[in-house]
Amino acid sequence: MSPADEVPEKNLTSFHVRGAITGDPDSLEWVVAHFDPLVEAQIRMRVKGKIANSGDVQDILSEVWLVALGKMAGLDPRDGRYTPVLMRFLATTAERKSMEYVRSQARRRAVGGQRAPVGDDSGPPDVDRLPRHTHGVVTKIHHNEVRSILGRCLDRLPETQREVLVLRLLEQRANSEIAGLLQTRPNTIAVRYRRALAELARILPPAIFEGLRGIRDACKATKRPGGGGEI
């Protein structure tokens with residue numbers, strides 16, 4: 001029996017996030033498998049209509065993990081909790097990398113319509129820059145069954161629900177803030193969020209949905225810096 005088997009399900013997310021930050025390979029794989037599809041959905045949302053090649057999203061995603069895995073050990077908990085800090089770090093990094101991509105594409109179009117160079121999508125580039133204990137996890141990112149199932153199920157959500165799920169769960173924005181961004185009412189945002197979770201509960205295997213719900217619960221009632229409100 002592994003140490004994770006003895007942890008109550010409601011605390012499993014916190015257990016694995018702490019383990020990942022301290023370098024435990026099994027916990028790191030759990031975190032990547034459950035967080036990676038959310039980060040990918042965020043990137044697709046941020047670069048919508050500006051992708052030059054189908055592999056570009058995977059390249060951006062790889063760069064996000066290259067940064068995150070290299071700096072994860074240096075994250076400091078907020079109010080004793082690591083999960084909202086890690087999620088916010090991933091979201092901020094993904095947003096920054098997406099905007100860098102959009103700007104680079106705009107510059108290339110301005111100077112002659114050339115596309116940004118695109119590598120293969122077999123895994124994050126420059127793996128040797130990462131701490132040694134992350135190498136095995138990095139090479140398995142695209143082959144993890146949990147990651148694959150969760151990614152497919154997120155893709156099955158209506159775009160409006162998936163967008164709200166990313167903004168609420170990964171970027172940790174309040175309904176009122178999301179309503180302002182999407183120019184709709186907070187009640188509409190709340191309904192979309194509930195429906196997204198309900199649909200995922202219906203189509204995901206129970207164990208995988210519990211991991212997603214654990215991420216939500218680990219960030220619940222967290223106050224964003226600057227008064228962003230509860231998650």
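In which helix do E210 and R213 both lie, and how many residues apart are they? Both lie in helix α10, 3 residues apart, or about one turn of the helix. The model is predicted: local features need pLDDT of at least 70, side-chain atom pairs count only at pLDDT 80 or more, and totals for chains, interfaces and linings use all residues. Residues are numbered from 1 along each chain as its sequence is written, and side-chain values use heavy atoms, with hydrogens and water left out.

**Overall architecture**

- The protein chain has 10 helices and 0 strands, where helices (H or I, at least four residues) and strands (E, at least two) are DSSP runs numbered from the N terminus.
- Of the 231 residues in the protein chain, 48% are buried; buried means under 20% relative accessible area, exposed over 50%, and partly exposed in between (1.4 Å probe, protein chains only).
- Among contacts (heavy atoms within 4.5 Å) with a separation of 6 or more, 68% join residues 24 or more positions apart.
- The accessible surface (Shrake-Rupley method, 1.4 Å probe) comes to about 11600 Å², and carbon and sulfur atoms contribute 48% of it.

**Helix α7**

- Helix α7 covers residues 159–170 and reaches 16 Å from its first C-alpha to its last, close to the 16 Å expected at 1.5 Å a residue; the expected span is 1.5 Å times one less than the number of residues.
- Because 9 of its 12 residues are buried, α7 is largely enclosed by the rest of the structure.
- The buried residues include Q161, R162 and R168, as well as V164 and L165.
- Packing partners of the buried α7 residues are α2 (25–46), α4 (83–110), α6 (145–156), α8 (175–182), α9 (186–203) and α10 (206–219).

**Salt bridges**

- The structure holds 13 salt bridges, each a side-chain nitrogen of Lys or Arg within 4 Å of a carboxyl oxygen of Asp or Glu.
- R147 and D36 form one of them, with the closest N and O atoms 2.6 Å apart.
- R147 lies in helix α6 and D36 in helix α2, so this pair ties together parts that are 111 residues apart in sequence.
- Both R147 and D36 are buried.
- In helix α4, E100 and R96 form a salt bridge at 3.4 Å, and their separation of 4 residues is about one helical turn.
- E100 is partly exposed at 31% relative accessible area, and R96 is partly exposed at 38%.
- The side chains of E210 and R213 meet at 2.2 Å, N to O; E210 is partly exposed at 23% and R213 at 30%.
- Salt bridges that share partners join D36, E40, R44 and R147 into one network.
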